[in-house]
Amino acid sequence: MDAIGAGLAFAASLGELADALRSGGPGGTAVVQAPPGTGKTTLVPPLLANIASTGSVPAPATAGRNARSPRVVVTQPRRVAARSAARRLAALDGSRLGDRIGYTVRGERVCGAGTLIEFVTPGILLQRLLSDPGLETVDAVILDEVHERGLETDLLVGMLAEVRELRGDLMLVAMSATLDAPRFAALLGAGNGGNDDGGPARVVDCPSALFPLETSWAPAAVARLDTRGVTRAFLDHVADTAAASHAEALAADADVDALVFVPGAWEVSYVAARLRSRADAEVLELHGQASPAEQDRAVSGREPGGRARIIISTALAESSLTVPGVRLVIDSGLSREPRRDTNRGMSGLVTVSCSRASAVQRAGRAARQGPGRVVRCYDQKTFGAAPAHQVPEIAVADLTGAALVLACWGSPGGRGLALPDAPPVAAMEEAVEVLRELGAVGPDGLATELGKILARVPADPRLARALFEGAASAGHRAAAETVAVVAGDQRAPGADLTRLLAMLRSGSDPAARRWKEDVRRMEAIVRTEGAAVGKSQAVPQVAGAEAVGFVVGLAFPDRVARRVPGAGERYLLSSGTRAGLPAGSPLSGHEWLAVAEVSRAEGRDAAGTGAVIRSAAPLSADTAEAAARHLMSETVEAGFDQGRVKARRERRLGAIPLSSTPVRPSAAEGRAAVARALAKEGLGTIGWSTAADALRRRLALLHRELGAPWPDVSEHALLARLDDWLAPELEVLAGGKATAGIDLTDPLRRLLPWPDAARLGELAPETLEVPSGSRVRIDYPDAGHDDGRPVVAVKLQECFGWAETPRLAGGRVPVLFHLLSPARRPLAVTDDLASFWSGPYAQVRAEMRGRYPKHPWPEDPWTAPATARTKNRM
């Protein structure tokens with residue numbers, strides 16, 4: 001330990017950590033909070049191995065384990081970090097990699113029977129927990145870089161806390177560069193207790209080991225992002241800044257290497273290509289799609305006498321790796337983070353501003369081994385506006401795989417598990433529903449036997465199910481190859497999954513070795529478990545080029561897509577989402593595609609749809625229908641258009657129309673179509689005749705003023721009880737008759753209450769008999785008018801003799817008179833004739849008697865006889 005810890009800051013904290021672990025009894029928990037470069041990843045694993053080997057674990061708890069060497073398992077968030085950490089520790093230990101120190105990552109295992117410390121990715125440890133919930137061969141677990149809040153690491157925090165409730169001898173340590181230490185200490189100590197009193201785990205701090213760091217700001221004059229993602233102009237700025245800054249650093253110190261952070265593999269390749277033509281240095285790429293050899297070369301440091309190096313990296317090198325020789329960091333300030341679009345059913349990575357915590361981590365890479373400098377290609381305002389921390393993956397990711405792990409663990413949906421953050425309810429419910437459809441969970445939410453089998457496949461549960469179903473149709477090998485390539489993280493060139501598959505088969509892709517190992521494992525699983533899984537239903541036999549698309553379609557039937565006629569390279573997915581195909585894709589022109597990956601995007605490739613297909617394989621129409629067979633539907637869709645019911649028989653694959661033929665609707669289909677049209681467009685679809693409208697207005701006034709039993713004839717109320725008053729007419733319309741033959745007057749009369757209906761003419765007459773003997777039509781307010789008044793427009797002379805205003809609705813509503821001149825021009829508006837006669841009438845008389853001398857204008861109109869045409873004798 002002295003030799004390994006020489007020059008590492010965390011060596012001074014080893015004693016405190018050892019005390020923390022021993023103070024909890026046979027095992028212990030602790031949270032290590034130490035900045036990057038302090039040596040925690042190098043020193044903590046051998047410390048725990050030493051504690052386990054000194055007999056601090058009592059014999060009763062370790063019966064069956066004493067005959068072997070202690071085993072410490074250390075998680076690293078990325079494969080390259082696990083390999084690098086194991087290689088470095090083995091070198092410091094002076095042992096051969098794979099003997100005392102080894103690693104296991106997906107598709108690669110370098111360990112032996114005598115391995116004491118094993119570095120693994122979180123997914124590997126999750127698989128082991130499901131097969132061995134007690135971790136009987138493990139003495140200690142270290143969760144490194146928990147601050148990154150990866151989904152699998154968050155699950156491990158909760159699951160391992162439960163393991164310690166049963167195995168108090170298991171040592172458990174969480175480590176991070178930046179961490180909410182008290183919170184995680186409480187989680188890890190919640191079960192058996194990190195201390196004697198069952199309280200939270202001990203927190204062990206270590207001061208920063210960073211050398212002085214100079215920060216420079218070099219914002220670009222162009223936008224970093226546009227609708228298509230990272231702009232090329234900004235990447236040019238990053239490359240130019242890196243070349244100039246590295247040249248300046250080399251002039252002062254020839255041993256300085258540079259590390260450039262950009263968000264994704266494509267950006268890494270773009271910047272690297274530009275730098276190779278501009279910088280006098282070896283340019284290396286570091287990202288998840290690079291081969292293990294390329295990744296190891298990038299993180300291994302400069303060879304003696306070698307050229308200066310510039311490493312262009314994604315977030316891989318942000319916190320879990322120390323790249324020797326790096327004293328200069330160029331930061332784009334961008335990162336890729338998972339996001340879930342629940343409305344479209346899409347998950348994927350989006351480019352966003354990195355968090356301030358990430359920016360600090362990146363900058364720290366430059367000051368681990370000496371004074372360094374960070375150049376941020378953005379301004380201080382942008383830094384200040386960035387989020388403080390990265391969003392936890394559990395809050396934004398597709399949770400289908402996590403839901404299956406939790407169901408297998410016995411904590412459906414995470415219930416009862418002490419997770420750092422609870423999963424979003426809607427996202428978890430959606431994930432559990434997918435598992436139910438797969439048959440992976442039962443009514444109680446726990447994993448079925450099928451679910452447990454699917455959980456053993458290193459892929460999304462939907463892909464795992466497709467592995468078994470596809471094997472029955474396309475063969476074990478073809479199904480395993482397809483599932484392995486979709487489950488991998490390689491980008492399909494031009495979105496063509498079949499082309500990527502050909503590259504992997506030929507060995508020309510850097511990830512070919514890992515992919516072939518995945519294929520071997522999956523093929524073995526399907527051969528062993530295939531009989532137990534069985535087939536959900538009969539599936540056709542497919543071969544050759546069709547096999548890839550068929551297996552993808554089995555996994556993601558909601559993403560089977562058909563080209564939209566006349567819309568270029570736009571496709572309609574069976575889920576209803578539209579997406580574009582990248583320009584120049586080899587898939588261009590194919591009628592049908594099985595889409596493995598689709599994500600939100602803008603720009604030319606999205607073709608105005610807001611989404612772009614990232615990975616897909618072609619298939620025929622018959623194969624598409626077979627792959628997504630449970631989405632097939634054949635329905636008669638009736639509609640009410642231009643006053644008639646029309647129907648068509650529609651065959652669909654989800655949202656994709658396959659055929660449409662006109663048919664005669666049934667009576668029920670016709671009634672439903674009419675009802676839908678009326679609900680959407682209102683009764684005006686049929687049309688209100690003058691008589692029907694007048695009756696409706698009269699009834700509306702009585703309902704408003706008198707209430708029951710007079711019916712509510714508002715639009716909403718009438719639509720709610722169509723069968724009570726319009727059933728015969730609906731039958732007629734459903735049979736195909738045009739609305740032109742329907743009058744709503746008689747149907748409305750069916751709503752009249754008896755015997756009260758006999759008083760309709762009295763309470764709300766159609767006309768009003770005025771003193772002159774004429775009958776004048778009453779204009780009732782609209783049925784939807786809450787305070788409208790009935791109006792009578794009549795010549796003033798015809799009202800002579802009325803001392804008071806007549807009232808309707810049993811005396812509740814006065815008539816509003818529009819009094820007209822003999823030429824039927826407006827003179828006055830009043831609902832109080834008595835007041836009008838005694839006041840305004842005198843002025844009207846003075847003005848009108850000269851203009852209309854042949855008509856009467858008496859001084860006492862309330863007593864004068866009314867007349868329509870009499871000579872003025874006054």
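Helices here are DSSP runs of H or I with at least four residues, strands are E runs of at least two, and both are numbered from the N terminus. With that in hand, select Arg-698, which sits in helix H23. This is a predicted model, in which local features need pLDDT of at least 70 and side-chain atom pairs count only at pLDDT 80 or more, while totals for chains, interfaces and linings use all residues. Residues are numbered from 1 along each chain as its sequence is written, and side-chain values use heavy atoms, with hydrogens and water left out.

**Stop one: helix H23**

Is Arg-698 buried or exposed? Arg-698 has 7% relative accessibility, so it counts as buried (buried is under 20% relative accessible area, exposed is over 50%, partly exposed lies in between, with a 1.4 Å probe and protein chains only). Show its surroundings next: leaving out neighbours within four places in sequence, Arg-698 is in contact (heavy atoms within 4.5 Å) with Leu-760, Gly-761, Ala-764, Pro-765, Glu-766 and Tyr-780.

Now pick Arg-697 and Asp-693. They form a salt bridge, with the closest N and O atoms 2.8 Å apart; the term means a side-chain nitrogen of Lys or Arg within 4 Å of a carboxyl oxygen of Asp or Glu. Both residues lie in H23 (residues 690–706), four residues apart, or about one turn of the helix. Arg-697 is partly exposed at 24% relative accessibility, and Asp-693 is partly exposed at 23%.

**Stop two: more charged pairs**

Side chains of opposite charge can pair when their charged atoms come close. How many salt bridges does the rule give? The count is 61.

Jump to Arg-373 and Glu-214, a salt bridge whose closest N and O atoms are 4.0 Å apart. This pair links distant parts of the chain: Arg-373 is in strand S18 (residues 372–376) and Glu-214 in strand S9 (residues 213–217), 159 residues apart. Glu-214 is partly exposed, at 46% relative accessible area.

Then try Glu-449 and Lys-452, whose closest N and O atoms are 3.5 Å apart in another salt bridge. They are three residues apart in helix H15 (residues 449–455), so about one helical turn separates them. Glu-449 is exposed at 59% relative accessible area, whereas Lys-452 is partly exposed at 34%.

**Stop three: the nonpolar cores**

A nonpolar core is a set of buried Ala, Val, Leu, Ile, Met, Phe, Trp, Tyr and Cys residues joined through side-chain atoms within 4.5 Å. The largest one has 107 residues, and Leu-125, Val-141, Leu-155, Leu-160 and Leu-497 have the most contacts inside it. Centre on Leu-160: not counting residues up to four places away in sequence, it touches Leu-125, Leu-129, Leu-135, Val-141, Leu-143 and Leu-172. A second, separate core of 61 residues includes Leu-699, Leu-701, Leu-760 and Leu-768.

**Stop four: two helices side by side**

Finish with helix H5 (residues 122–131) and helix H13 (residues 400–409), which pack at about 30 degrees with their axes 10 Å apart. Axes are lines fitted to C-alpha atoms, for helices over the stretch in contact, and angles run from 0 to 180 degrees between N-to-C directions. H5 and H13 are therefore roughly parallel (angles under 35 degrees count as roughly parallel, over 145 as roughly antiparallel, 65 to 115 as roughly perpendicular, and the rest as oblique).
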